Amino acid sequence: MPVIKILPHPEYCPQGAQVSAPAGTSICEALLEHHIEIEHACDMSCACTTCHIIVREGFNSLNDMEEEEEDLLDRAWGLEPNSRLSCQAILAQKDLVVEIPKYSINHAKEKH
């Protein structure tokens, strides 16, 4: 079972974390199952960018990106060449290191 190492994030996992999930699971599902409450405003339907992550290690082991995901990622804040939507990135057999960006485009989350 692949291991996902999550780098420290001030809100979602201040100490960082490591979780395991079976191949075929999306990164978003794996994080949520282990109580890392990553944003997912569209309920993982590939309709927003709130679950944007940066895959620091293991990027090439993930499934290929569909055109819809590529188009949405163009709107994500802090986009990098190894960015993915965690709801669309499906685990294979290789371990990953991921970073959850500090900022999100989720306006509903802003505290006014």
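Reader: Where is Glu68 found?
Author: Glu68 is in helix 2. Keep in mind that this whole model is predicted.

Reader: And what makes a negative surface patch here?
Author: The patch is formed by Asp64, Glu66, Glu67, Glu68, Glu70, Asp71 and Asp74. Asp and Glu count as negative, and like charges are joined within 9 Å if their residues have over 30% relative accessible area and no salt bridge. So these seven names make up a negative patch by that rule.

Reader: Is Arg84 buried or exposed?
Author: Buried: Arg84 has a relative accessible area of 2%, and that is under the 20% cut-off.

Reader: How many salt bridges are there?
Author: The count comes to 3 salt bridges. Another one is formed by Glu80 and Arg56, with the closest N and O atoms 2.7 Å apart.

Reader: What makes Glu80 and Arg56 distant parts of the chain?
Author: Glu80 sits in the loop between helix 2 (67-73) and strand 4 (83-85), while Arg56 belongs to strand 3 (residues 52-57), and they are 24 residues apart.

Reader: Why are Glu80 and Arg56 called partly exposed?
Author: Glu80 has a relative accessible area of 30%, and Arg56 has 36%. Partly exposed is what lies between buried, under 20%, and exposed, over 50%. Both values fall in between, so both residues get that label.

Reader: What makes one network here?
Author: Shared partners do: the salt bridges join Arg56, Glu80 and Glu99 into one network.

Reader: On to the cysteines. How do you know that there are 0 disulfides?
Author: The cut-off decides that count of 0. Cys48 has Cys42 as its nearest cysteine, with the sulfurs 3.6 Å away from each other. A disulfide needs the sulfur atoms within 2.5 Å, so Cys48 is in no disulfide. For Cys87, the nearest cysteine sulfur is that of Cys51, 3.7 Å away.

Reader: Are Cys48 and Cys87 buried or exposed?
Author: Cys48 has 16% relative accessibility and Cys87 has 8%. Both are under 20%, so both are buried.

Reader: What is the phi of Asp43, and what is that of Met44?
Author: Asp43 has a positive phi of about 55° although it is not a glycine. Met44 isn't a glycine either, and its phi is about 65°. Asp43 lies in the loop between helix 1 (27-33) and strand 3, and Met44 is in the loop between helix 1 and strand 3 as well.

Reader: Why is Asp43 called exposed but Met44 partly exposed?
Author: Asp43 has a relative accessible area of 62%, and exposed means over 50%, so the word applies. Met44 is at 29%, between 20% and 50%, so it counts as partly exposed.

Reader: What makes Leu31 buried?
Author: Leu31, in helix 1, has a relative accessible area of 0%, which is under 20%. Leu31 and Arg84 are 53 residues apart in sequence and 14 Å apart in space, C-alpha to C-alpha.

Reader: And why is Gly24 called exposed?
Author: Gly24 has 53%, which is over 50%, so it is exposed. Gly24 lies in the loop between strand 2 (17-20) and helix 1. Its C-alpha atom is separated by 9.3 Å from that of Asn63, 39 residues apart along the chain.

Technical notes. Residues numbered from 1 in each chain as written. Predicted model: local features only at pLDDT ≥ 70, side-chain atom pairs only at ≥ 80, totals over all residues. Heavy atoms only, no water. Buried < 20%, exposed > 50% of the residue type's maximum accessible area, 1.4 Å probe, protein only. Salt bridge = Lys/Arg side-chain N within 4 Å of Asp/Glu carboxyl O. Helix = DSSP H or I, 4+ residues; strand = E, 2+ residues; numbered from the N terminus. Patch = residues over 30% accessible without salt bridge, like charges linked within 9 Å, V, L, I, M, F, W, Y side chains within 5 Å. Areas by Shrake-Rupley, 256 points an atom, 1.4 Å probe, with all protein chains shown as cover. Charge placed at Lys NZ, Arg CZ, Asp CG, Glu CD.
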